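The following note sets out points for a colleague who has the coordinates at hand. Each point may be checked against the structure shown here.

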Amino acid sequence: MMKRSIFLASAAALALTGLATAGLAMADKSPAPKNASGAILTNVKAGTPTRMEYELRAKAYIFFIPATGRATFTTDLKPDSYTIDSRVKVTGIADWFVNYDMNIHAEGETRENELKTRTYVSQNKDGKKNRKVELAIGETDFSMNANPRFGNLGDPAATTEQVLKTNDPITALITFALEPRAPGADPCGGPIRIFDGRQLTYLHLKNAGTKRVDTPVWTGDAIECHVTMDKIAGYKKGEADNDNLTGIDGPLRMWLAPLDNGASVPIKIAADSKKIGDVTLTAKKLRFEPLVTTEAAAGQDVAEN
């Protein structure tokens, strides 16, 4: 049976796997409305809390029998903090395609040009270990608890200095989409530094030009990025020699929608797999709306009374 890090799970966490923005209304095959400053995090820091709902779906066929995957993300952005809730679910055939169901929650700091993980909890339900991982990253140290415990933390294991430079998988995806690109900068950006409590990975992105992409949520000339990985720590000895995501051949291909609100959202991800052929994830939902906070609701009630 394929491991939990097969392509659909890895890509969902990246594009969490992973990897994602905020504004107003549902994106309907066109760029989102332009924000005043053209930078979402700037607007949030200035006092405009925002919610983003984002969903990726995938389908592949094994002997003409479909295997499906879905990753949903709900991100609440406030001036000083954020929360992300995600569910990644893959269903398929025993011995060919793992049944995979993970709930993920992340919280951290909202900064002018990035998000920074402070806590991360993942609960995997695959019918085997059903492992729960709790990660906390502070200013100078980190802690991790896994139940059931990992057999080991890799060879080599991640160091504190390395972990402090990373984000959890879903925060890494969201901040990648939200981070403002300077004029003239490579829109693919990177590297994306990810730590899931055990494995520390750098994703490197190479700009491959633009391509016309048509998805349910956006149509236009998207930026094509080719993604390879550098397995820094937390892997089995010798496993770091492979520079591709587990279970796929060649670089993962990701297309970013350059939205008018300053975000660069992954709307399509594709790769080739030895076991199941071509797999493509496509954005099925991309919703941007104001976030009504408890403080704002209380203030509105006072004003009305």
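1. Terms of burial. A residue is called buried under 20% relative accessible area, exposed over 50%, and partly exposed in between, with a 1.4 Å probe and protein chains only. At 0% relative accessibility, Cys225 is buried on this scale, and Cys188, also at 0%, is buried as well.

2. Basis of the note. The model is predicted: local features need pLDDT of at least 70, side-chain atom pairs count only at pLDDT 80 or more, and totals for chains, interfaces and linings use all residues. Residues are numbered from 1 along each chain as its sequence is written, and side-chain values use heavy atoms, with hydrogens and water left out.

3. Overall content. The protein has 5 helices and 14 strands; these are DSSP runs numbered from the N terminus, helices being H or I of at least four residues and strands E of at least two. Of its 305 residues, 47% count as buried.

4. The disulfide. How many disulfides does a search of the whole structure find? It finds 1, a disulfide being a pair of cysteine sulfur atoms within 2.5 Å. The partners are Cys188 and Cys225, with sulfur atoms 2.1 Å apart. The link of Cys188 and Cys225 is left-handed, at -95 degrees about the S-S bond. Cys188 lies in the loop between α4 (169-178) and β9, and Cys225 in strand β11 (residues 219-233), so the pair ties together parts that are 37 residues apart in sequence.

5. Aromatic pairs. Rings of Phe, Tyr and Trp (its six-membered ring) pair if their centres lie within 6.5 Å; planes under 30 degrees apart count as stacked, over 60 as edge-to-face and the rest as tilted. By this rule there are 2 aromatic pairs. One of them joins Phe142 and Phe195 edge-to-face, at 5.7 Å centre to centre and 80 degrees between the planes. This pair links distant parts of the chain, 53 residues apart: Phe142 belongs to strand β8 (residues 142-147) and Phe195 to strand β9 (residues 192-195). Phe142 is partly exposed at 22% relative accessible area, whereas Phe195 is buried at 1%.

6. Charges over rings. A charge sits over a ring if NZ of Lys or CZ of Arg is within 6 Å of the ring centre and within 35 degrees of the ring normal. The charged end of Arg181 is placed in this way over the ring of Phe176, 4.8 Å from its centre. Arg198 lies over the face of Phe150, 5.7 Å from the ring centre.

7. The C-alpha atoms of Arg181 and Gly262 are separated by 7.9 Å, although the two residues are 81 apart along the chain. Gly262 is in the loop between β12 (249-258) and β13 (264-273), and counts as partly exposed at 27% relative accessibility.

8. Cis peptide bonds. Most peptide bonds are trans. Asn147 and Pro148 are joined by a cis peptide bond, with omega about -5 degrees. Another cis bond joins Asp155 and Pro156, with omega about 5 degrees. Pro148 is in the loop between β8 and α3 (160-163), and Pro156 is also placed in the loop between β8 and α3.

9. The second largest pocket. On a 1 Å grid over the protein atoms alone, a pocket is an open set of points where a 1.4 Å probe fits, with protein on both sides within 12 Å along at least five of seven lines; lining residues have an atom within 4 Å of a point. The second largest pocket holds about 350 Å³ of space, its volume being the space filled by probe spheres set on points joined across faces, edges and corners. Of its 21 lining residues, the closest to the centre are Thr175, Glu179, Pro191, Ile192 and Arg193. At least two lining residues come from each of β6 (115-124), α4 and β9, and α4 gives the largest share, 3 residues.

10. Two strand residues. Asp76, in strand β3 (residues 65-77), is buried at 14% relative accessibility. Val88, in strand β4 (residues 81-91), is buried at 3%.
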